[in-house]
Amino acid sequence: MNWKMIWRIIAWILVVEAGLMLPALFISIGYHEPAAIYGYCLTLPIILGCAGILFLLTRNARKGFYQREGFVTTGLSWLVMSALGCLPFFFSREIPNYIDCLFEMVSGFTTTGSSILTDVEALDKGLLWWRSFSHWVGGMGVLVFLMAIVPLGGKNQGFTLHILRAESPGPAVGKMAPRMKETALILYRLYLVLTVLNIIFLLAGGMDWFSACCIAFGTAGTGGFSVLNSSCASYSPYIQWVTTIFMFAFAVNFSIYYLLWLRNFKAVWKDEELRGYLLIIAVTITALVLNVRGLYGSLSETIRHCAFTVATIMSTTGYATTDFNLWPAFAKAIILFLMFVGACAGSTGGGIKVIRVILLGKILRRNVHENQHPDEVSAIRINDRKVDEQVIRNCEAYLIAYAGIVILSFLIVSLDGFTVETNFSAVMATFNNIGPGLDAVGPTSNFAAYSALSKIVMTFDMLAGRLEIYPIIMLFSRRTWRKRR
């Protein structure tokens, strides 16, 4: 295990984190918030001090490492980044319990949006900014950002590819450009342009700059932390529609936007995941509108709330315009279905991913066909390209790990004595990085009532869900820490 290079990357991560925290400090100074200023002034020296020590200890780090190092680097980076990133909340005493601080920060970086705060509006502006900005940082991935701005890999493309594979959501990672650094730059340019467009549209609707930035950060990262206790329910229909459209947009694989930029419209239309994603959207919105039509005053209002809810759950953002806890059982069943499916691979959203659902369906169909015709050997194809058998095995293993973590987490969280609906949806909401669940953790509630043990379990779930399970599981494997022979 190339520990020196691993810790050197983490040192760079901490430097980047400290730099990204500075705007929040300046906002706290501008709004004259002594508690938040105190929190940042204590946190920044700690983060930079840890980074300095790691740089000193890893002066002679060699750059080459393997896939195992890539996964361990990613898992440790997110743990360290969250453990130190939550300190402003703790030192300011705005959130006095460290486990609650960690839960909130992990929820931010993993773009989950589940919260332990009972009164969001009481939080200082500088802390609200950092809380929402963590969504934007975690949405595309801080290691992807690091690859775009820091020359870590040199000519060793395997180095950066292992990191990108470990942090990027989906069953497989491809290159948009010949070099991985260029791919990272393309991703962040697209990400930044879409975020700026979102902010502009929100400002055009009369939203103040602070709220527009925070809502756009949450939408871009598909996170869901709002600056109001009512989430997005208090905003105008225009703001809600803008947020709906951009939530759908950020849940699309970013390679689609790159293809659009290249004017390769044929490839965009032939993309099976995109077509499946749009079909699920159309079907679920229609089903919800038909099921909840009588709960709202007009058809247009019904469509707006249903479209927003499908967008917020499928993109795993977590904003809300209505309390879908009050909807009929069929509507809530659709919401649970969308929690499983999630967004597209290569987006900022969570969940199993649409491409995996399509792939698992094709695997099932092939197995049935091979049982009927044992002498035939058939390949699985996505977008007219043969899917590698290793990708298929990884997809099947992912589903097994996914089910195992959900079941175990549900059993542990159930010790707290809440209803089955509350506990199961809480696990699904955190593991799939969605935010709100159902019943006692619905869109008008929070996770504050859960015990410290349950919060730790759901913190693990948020990290495992965002990093596609393997980087976090590998940290708990003894084989990961053994020396190579």
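## Basis of the model

Residues are numbered from 1 along each chain as its sequence is written. In this predicted model, local features need pLDDT of at least 70 and side-chain atom pairs count only at pLDDT 80 or more, while totals for chains, interfaces and linings use all residues; side-chain values use heavy atoms, without hydrogens and water.

## Helices H17 and H18

Helix H17 spans residues 354–372 and helix H18 residues 389–413 (helices are DSSP runs of H or I, at least four residues, numbered from the N terminus). Their axes come within 11 Å and cross at roughly 105° (axes are lines fitted to C-alpha atoms over the stretch in contact, with angles from 0 to 180 degrees between N-to-C directions). H17 and H18 are therefore roughly perpendicular (65 to 115 degrees).

On the H17 side, Arg-356, Leu-359, Leu-360, Ile-363 and Arg-366 meet residues of H18 that include Glu-389, Ile-392 and Tyr-398 (contact means heavy atoms within 4.5 Å). This contact of H17 with H18 has eight nonpolar, no polar and four charged residues (Ala, Val, Leu, Ile, Met, Phe, Trp, Tyr, Cys and Pro count as nonpolar, Asp, Glu, Lys and Arg as charged, and the others as polar).

## Helices H10 and H11

The axes of H10 (residues 209–220) and H11 (residues 237–250) cross at roughly 35° and come within 9 Å. Ile-215, Thr-219 and Ala-220 of H10 make the contact with Thr-243, Phe-246, Met-247 and Phe-250 of H11. Five of these residues are nonpolar, two are polar and none is charged.

## A nonpolar surface patch

Helix H9 (residues 180–204) gives the most to the nonpolar patch, with six residues. Phe-201 lies in helix H9.

Key. Helix = DSSP H or I, 4+ residues; strand = E, 2+ residues; numbered from the N terminus. Parallel < 35°, antiparallel > 145°, perpendicular 65-115°, else oblique.
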